[in-house]
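I opened my notebook to jot down what I looked up in this one.

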Amino acid sequence: MTEKRCYAGKVLRVDLTSAKITTEPLNEQWAHDFIGGKGMVFRYLYEELAPGTDPLSPANIVVIFPGALAGTIVATTARTCVGTRSPLTGTILDSYVGGGFGAMLKYAGWDGIVITGQSPRPVYLFIEDNRVELRDASAVWGKPIWDTENWLEEQAGPGRIVTLTAGPAGENLVPFACLTSEGYRQCGRGGLGAVFGSKRLKAIAVRGTGAVQVPDMAAFMALYKEIMREHLLTDANLWAFQEGTPSIVDPANTAGLFPTRGFTQGEFDGKDGINSAAIQAALVRRRACTNCPLACGRFTRSRRGEVVEGPEYETIGLGGGNCGIGDLDALISFNRLCDNLGLDTISTGNVIGLAMTMTEEGIHDFGLHYGDAEAYLQAVEEIAYRRGIGADLSHGARWVARKYGGEGVVLEIKGLEFPAYDPRGAFGMGLAYATSERGACHLRSFVVGTEALYSTLNPDSFEGKPALVIADQNLNSIKWCGIFCDFWAITAEDIAALLSAGTGRPMTAEEALRIGERIWNLGRLFNLREGFGRKDDMPPPALFERPLRNGVAAGKTYTREGYEAALDEYYALRGWTRDGVPTPETLEALGLSELVR
Amino acid sequence: MLKFHQKLCTGCHLCELACAAAHFGEFAPTRARIRATVRPQEGDCRVMACFSCPEAPCISACPVGAITRPGRGQPLSIDPQKCNGCRACVPACPYGAMYFDERTSYALACDLCGGDPECVQFCYPQAITYAEA
């Protein structure tokens, strides 16, 4: 192709059952309508996954798409979207990893990868430009992440590679096992590690020696330099460079929504041991994702000499406060264990915190108590290897609550455990969690920032929140086609301008948001096809019945009428029926009618 | 000359893209005259480009005299007409700062972009700085 643009123009398809590797052209219509990243992943999943597919069966697929701008100089766009049907929730799942995997895949000449089937033996996928091979991975099957990464590097020989690896938790099919890149960066949520494990796919290693093009380099650089100066390297984003996500710990405590002791409190008395100041005192150095000046990553060293990149806010919240752990050394150990074994720190901290609460409240004795660092670290290992109490806890919080009578205390939606913002301290965030297609997720809408953390917009009311949540969800859906990071507060105008300059196809901000809305509705269609509906867009009983015991949100709960009215409003604004089904008119307007026929 | 402050390097590789875009009009880290080396697990990051070191052993290592230095402190000049792609200069550099472009088969050394190095503009952490010689 002589036409210069940011797409490579081809997609890699790998069938693990037959070991057949094929190349297919980029579907131009899909690229036009769904751009890249999240959009392309959702389009493939909707097209190729038969309803009712068992997530851990060979029939499930994994779709990997960097954003359209991956490999360019545009900040944060080296990110990669990986999607599948989640073994934890049964919903559509899109999960994102930073680092350099997405950029490297583009330099190798691929816009994406579609993986089907199940290998008869452990393998890894090796990609070096057009050379693509399934290679024996039996030498590292059972090995933790970091050993595997080192082995992959040895196998690949000289020259930089970037890898995506499942750990022992994934091999053992723990439904909240993650995928890891560059040591400490994860597709964290929803259990992609388990899907890799079920397919006996240990890892993907990529070396790309080629280039990514844009239609007019001089124009592209002029546009980007202006956006970088005016809208990227500004106070709105430089918090990431200066402090990173640990900066959220103090405001979250002040707002009374910091996950504390199994989500029973909103303010953690031990937070000074694990807040930004504590992280700063243990700081070794900063580290960036590929092509990102914000460098939010932070290496810390514990007094025991253990080093980790992290802990990030979510890990501090769930592995720290939620387990009653205010000791940074223990938290660093937790972070390292989860990272090396391939576990999502959010779900892991949730399920351990839940077991602690159920133990403390006499619901079921797991032998786990708030703040017991030794038992908590042992639980992480037992979860990854599914032994001891891990045999139960490894199923996730919903399963544990149902089996042992903890339905009244568990915090999850659609089976995905809560992130580190207690929605009793930010009501809009409860709606954001509940309407997220992959279950309780803080990234699709971060309305908590506006309503509680950095300004206070009636945190204990749903008034006006449905519209804010929808605006975030639509914007983020197109943003994650770029893929732009959550930590860049980029506008639809800049997204549209940069995508236009990269693809060569003019796009307005309005069109960009329309594509975001289209993608959001496509995710809804997938979930409806799997039997999800209004009943699944409900917060757990604890938000209605169990007020927090301390902090500024103490004593506050949702009312049924209040929440139902907010959900009605959300559906109406979305152009969905009262049951949460997009109307024919909505689908028509978004160009999705043909998909439901 | 370019100066490197390794403790500040975050391993983002933006310098490579800025360099390749300026010299070749495409985003291609393997064509850059400046490269970052990163060990992700340890977080070790370092960036290196030719800074026209006084010894410049690459000059005498080149069998065809393609590498010259116009003056003290000036960036090296590599004549693509003369360079035969033998790569003798690459291991000769004690700083690992001589690179090679597989596409055109000639050696790559930093030319300071004629006095306004593109990589510096993209190095927000200021691991790369520029001062006129």
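I started with Asn458(A), which sits in the loop between helix H18 (447-453) and H19 of chain A. Helices here are DSSP runs of H or I with at least four residues, strands are runs of E with at least two, and both are numbered from the N terminus. Phi of Asn458(A) is near 40 degrees, a positive value in a residue that is not glycine. I counted 14 C-beta neighbours inside 10 Å, so Asn458(A) is partly exposed. The cut-offs: buried means 20 or more other C-beta atoms within 10 Å of a residue's own, exposed means 12 or fewer, and partly exposed is in between, with C-beta atoms placed from the backbone.

I looked up Gln126(B) too, and its phi is near 60 degrees, again positive in a residue other than glycine. Gln126(B) lies in the loop between helix H4 (118-122) and strand S8 (128-130) of chain B. Is Gln126(B) buried or exposed? It has 11 C-beta neighbours inside 10 Å, so it counts as exposed.

**A note on what I'm reading.** This is a predicted model, where local features need pLDDT of at least 70, side-chain atom pairs count only at pLDDT 80 or more, and totals for chains, interfaces and linings use all residues. Residues are numbered from 1 along each chain as its sequence is written, while chains are lettered from A and ligands numbered from 1 in the order in which they are written. The model scores ipTM 0.97 and pTM 0.98. For chain B the mean pLDDT (the predictor's confidence in each residue, from 0 to 100) is 95, and 99% of its residues reach 70 or more.

**Cis peptides.** I noted a cis peptide bond between Gly310(A) and Pro311(A), with omega about -10 degrees. Pro311(A) is in the loop between strand S15 (307-309) and helix H11 (313-320) of chain A. Another cis bond joins Gly482(A) to Ile483(A), with omega about -10 degrees. I found Ile483(A) in the loop between helix H19 (465-479) and helix H20 (492-503) of chain A.

**Gly320(A).** This glycine is in helix H11 of chain A. With 33 C-beta neighbours inside 10 Å, Gly320(A) counts as buried. It touches Ile274(A), Ile325(A), Gly326(A) and Leu331(A), leaving out residues up to four places away in sequence; a contact means C-beta atoms, placed from the backbone, within 7 Å. Gly270(A) is 50 residues away along the chain, and its C-alpha atom is 9.0 Å from that of Gly320(A).

**The core.** Which residues touch the most other members of the largest nonpolar core? Of its 241 residues, they are Tyr124(A), Val206(A), Leu343(A), Ala355(A), Cys15(B) and Ala18(B). Domain 1 (10-207) and domain 2 (244-420) of chain A both contribute residues, so this core lies between them. Domain bounds come from an automatic or database domain assignment, and a nonpolar core is a set of buried Ala, Val, Leu, Ile, Met, Phe, Trp, Tyr and Cys residues joined through C-beta atoms within 7 Å. Not counting residues up to four places away, the contacts of Tyr124(A) include Arg135(A), Leu152(A) and Ile204(A).

**Chain B overall.** I counted four helices and eight strands in chain B, in the order β-α-β-β-α-β-β-α-β-β-α-β. Its C-alpha trace spans about 40 × 30 × 30 Å along the principal axes. Buried residues make up 46% of the 133 in chain B.

How values were computed
Contact = placed C-beta atoms within 7 Å.
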